[in-house]
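Please walk through this structure with me. We start with the overall picture and end inside it.

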Amino acid sequence: GLSGNAQPVLVLVYLSFQVGSAILAATLFYLTHPEEIPGVEGLISDAEGLGCDRACGAVCPCAGVRSGKQSYGATSSLDSAGAAAGMAADGQESEVLASNRSTYRASVPVRLLSEFIGSFAIVATFGLSTACNTLVQHDVQATSKTTTQSPSNLSSEVLPVTSVPWAMGAIVLSMGYALGKISGGHFNPAITIAAVFSRRSSAVTYAEFLPTITVQVGGGMLAALVYTCVNRGNGNLTRISIGPKNENSFFMAAATETFFTLVVAFVALCSTTVTSPKYFRAPHVYGYSFALTMGMAVASAGFATENISGGLLNPAITVGAATGNAIWRQTFIGDFLWNGLKYILWQSLAGVGAGLVFILAHPMEYKRDPLLPGENS
């Protein structure tokens with residue numbers, strides 16, 4: 001570390017990694033927000049980007065500056081007809097902005113990249129925070145060897161208090177705010193399954209279903225490789241047990257994992273995919289509360305399940321954990337082929353269940369009213 005007399009070479013290494021991380025962050029930002037690259041407005045179609053002029057349309061005061069086109073309502077000398085049109089446009093500015101945002105859809109490669117980044121960050125956070133929690137448990141057990149407590153009593157005191165659920169809720173919240181408006185902020189194949197089953201085409205279409213799940217799982221597997229390398233292949237730290245905890249039965253683990261994965265997926269659907277004006281209080285990906293809602297759902301579900309089923313709640317995490325264990329054991333047999341597949345099945349069924357509950361809870365989403373704007377198609 002840098003404690004004591006800091007070595008100049010080590011300082012340069014730290015600075016190099018920090019600068020490299022900043023460059024990588026800027027690169028990923030422009031890859032996921034291509035419309036924000038200066039000077040490329042003419043190279044990106046309206047369907048691929050949402051710049052300021054695309055969001056506000058004719059009422060955007062900076063449209064002429066960004067795209068070189070005339071900015072309506074921005075000139076100081078308007079004739080009477082133009083002034084009247086400008087006033088009408090100003091009165092409808094919020095409606096135009098909401099309409100453009102509701103119909104905006106990033107290109108498929110951009111959405112897949114967003115899901116890959118979010119899934120990678122979530123699985124990496126789960127693996128690293130679990131390794132940190134393992135170190136804390138070892139330290140506590142080492143300092144408690146002189147006590148008269150039995151191992152079972154010690155385990156019951158240490159295991160319920162971990163930071164993993166808070167870490168998971170925080171990373172879901174952060175990735176939701178960063179990428180939710182691009183891809184919908186799933187980062188979880190169970191949520192994607194729920195969206196497809198409930199016919200939420202605004203979030204993911206049938207054609208995008210398999211590619212989306214593929215990049216989510218791929219991000220989880222790459223994250224497993226990263227957190228294994230960070231811990232230098234120490235299997236005692238990187239191994240994530242896939243199975244019931246604290247002598248719970250498989251039935252209890254299955255019921256817990258399925259129910260709370262359903263809760264997480266259902267909350268995600270309600271927070272990001274409700275489009276009918278009849279549910280005017282529903283959050284959306286351009287609002288403030290959607291990512292906070294999803295993050296708190298993940299955190300609460302993690303606290304409820306971590307000592308029963310392990311609190312995975314995400315097939316990408318399950319595959320990532322199995323991959324990390326396979327790197328250490330040099331075989332996929334065991335965790336992945338047996339317990340891992342069971343967990344993936346439970347989590348996938350939870351996604352289907354979440355889609356069914358969403359349909360039952362939001363019947364107006366499937367009853368179009370031609371008198372309401374946006375529902376006459």
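Predicted model: local features only at pLDDT ≥ 70, side-chain atom pairs only at ≥ 80, totals over all residues.

Residues are numbered from 1 along each chain as its sequence is written, and side-chain values use heavy atoms, with hydrogens and water left out.

Begin with confidence. pLDDT is the predictor's confidence in each residue, from 0 to 100. Its average over the protein is 77, and 67% of the residues score at least 70. Among the elements, helix α9 (residues 189-197) has the highest mean, 95. Helix α3 (residues 63-67) has the lowest, 38. Residues 93-98 stay under 50, and the model gives them five contacts beyond four places in sequence. A contact means heavy atoms within 4.5 Å. Residues 151-158 are also below 50, with eight contacts beyond near neighbours in sequence.

Now the fold. The protein has 15 helices and zero strands. These are DSSP runs, numbered from the N terminus: helices are H or I of at least four residues, strands E of at least two. Of the 377 residues, 42% count as buried. Buried means under 20% relative accessible area with a 1.4 Å probe, protein chains only; exposed is over 50%, and partly exposed lies in between. Among contacts with a separation of 6 or more, 75% join residues 24 or more positions apart.

Turn to helix α10 (residues 206-230). An α-helix has 3.6 residues a turn, so residues three or four places apart point the same way. Arg-232 follows α10 and has a positive phi, near 55°.

Pro-315, Gly-320 and Ala-326 are among them.

Next, the spaces. On a 1 Å grid over the protein atoms alone, a cavity is a set of points where a 1.4 Å probe fits but cannot get out; a pocket is an open set with protein on both sides within 12 Å along at least five of seven lines; lining residues have an atom within 4 Å of a point. Grid points are joined across faces, edges and corners, and a volume is the space filled by probe spheres set on the points.

The whole structure holds two cavities of 30 Å³ or more. The largest cavity has a volume of about 70 Å³. Its lining includes Val-108, Arg-111, Ser-183, His-186, Glu-208 and Thr-212. Helix α6 (108-143) gives the most, with four residues.

The second largest pocket has a volume of about 750 Å³. Of its 37 lining residues, Thr-130, Ile-240, Lys-245, Glu-306 and Gly-310 lie nearest its centre. Two or more residues come from each of α6, α8 (164-183), α12 (250-272) and α13 (289-305). Here too α6 gives the most, with six residues.
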